[in-house]
Amino acid sequence: MVAAASPAMATAEPSPILRRDTWYLPTTDAKARLFVEELGPSAAEPVVVLHGGWGAEHSYLDSVVLPHAGRSHRFILYDQRGSLLSPTADLRSLSVQQQVEDSRPCGRRSASIA
């Protein structure tokens with residue numbers, strides 16, 4: 001979050017050729033599908049970005065991530081289980097431990113389809 005505090009970084013433009021992919025990742029317990037957005041080159045080092053928590057969604061982080069996408073890293077943002085684009089009908093599946101488990105395959109899946 002330090003990058004957002006720097007005016008020079010906040011106004012930087014992303015690469016003119018920005019790879020932006022979106023997809024859904026089924027959770028291992030099959031109780032939700034996570035909305036995932038990738039920004040940057042598919043061969044770049046992945047950085048999984050976590051948003052603020054349940055009920056929120058990841059788009060408010062775009063202003064921090066976009067100025068750095070398309071360079072040496074691929075940013076992977078996703079809506080956590082129970083959030084805007086990743087709803088779940090089973091509220092009992094919402095826990096901190098489950099959020100940790102859900103985040104693990106985010107970087108791996110994208111690397112396997114690139």
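Reply: Two strands pair if DSSP finds at least two bridges between them. Helices (H or I, at least four residues) and strands (E, at least two) are DSSP runs, numbered from the N terminus. This is a predicted model, in which local features need pLDDT of at least 70, side-chain atom pairs count only at pLDDT 80 or more, and totals for chains, interfaces and linings use all residues. Residues are numbered from 1 along each chain as its sequence is written, and side-chain values use heavy atoms, with hydrogens and water left out.

Me: In what pattern do the elements of the protein chain follow one another along the sequence?
Reply: The secondary structure of the protein chain consists of five helices and four strands. Read along the sequence, these elements give the pattern α-α-β-β-β-α-β-α-α.

Me: In what order do the four strands stand in the open sheet?
Reply: Strands of a sheet pair through backbone hydrogen bonds, either parallel or antiparallel. Here the pairing is mixed, and the order of the four strands in the open sheet is β1-β2-β4-β3.

Me: Which strands stand at the edges?
Reply: A strand with a single partner has one side left without a neighbour in the sheet, and this applies to two strands here. The strands at the edges are therefore β1 (20-26) and β3 (45-49).

Me: What is the average twist from one strand to the next?
Reply: Axes are lines fitted to C-alpha atoms, for helices over the stretch in contact, and angles run from 0 to 180 degrees between N-to-C directions. From one strand to the next, the twist averages 25°.

Me: How many bridges join β1 to strand β2?
Reply: Strand β2 covers residues 33-39 and runs antiparallel to β1. Among the facing residues, Thr 22 stands opposite Glu 37, Trp 23 has Val 36 as its bridge partner, and Leu 25 stands opposite Leu 34. The number of bridges that join β1 to β2 is seven.

Me: What type of aromatic pair do Tyr 24 and Phe 35 form?
Reply: Rings of Phe, Tyr and Trp (its six-membered ring) pair if their centres lie within 6.5 Å; planes under 30 degrees apart count as stacked, over 60 as edge-to-face and the rest as tilted. A search of the whole structure finds one such pair. The centres of the rings of Tyr 24 and Phe 35 are 5.4 Å apart and their planes stand at 65°, so the pair is edge-to-face.

Me: How far apart in sequence are the parts that this pair ties together?
Reply: Tyr 24 is partly exposed, with a relative accessible area of 34%, whereas Phe 35 is buried at 13%. Tyr 24 lies in strand β1 and Phe 35 in strand β2, so the parts tied together are apart in sequence by 11 residues.

Me: Which residue of β4 stands opposite Val 36?
Reply: Strand β2 is mostly covered, with six of its seven residues buried. Four bridges join β2 to strand β4 (residues 73-78), and the two run antiparallel. The residue of β4 opposite Val 36 is Tyr 78.

Me: How wide an arc do the buried residues of α4 cover around the axis?
Reply: In helix α4 (residues 96-103), the buried residues are Gln 98, Gln 99, Asp 102 and Ser 103. Their arc puts them on the same side of α4. The arc is that of the directions from the helix axis to the C-beta atoms, and its extent is only 135°.

Me: Which residues does Gln 99 touch, not counting those up to four places away in sequence?
Reply: Gln 99, in helix α4, counts as buried at 10% relative accessibility. Contact means heavy atoms within 4.5 Å. With residues up to four places away in sequence not counted, Gln 99 touches Trp 54, Tyr 78, Gln 80, Arg 81 and Leu 94.

Terms used
Buried means under 20% relative accessible area, exposed over 50%, partly exposed in between (1.4 Å probe, protein chains only).
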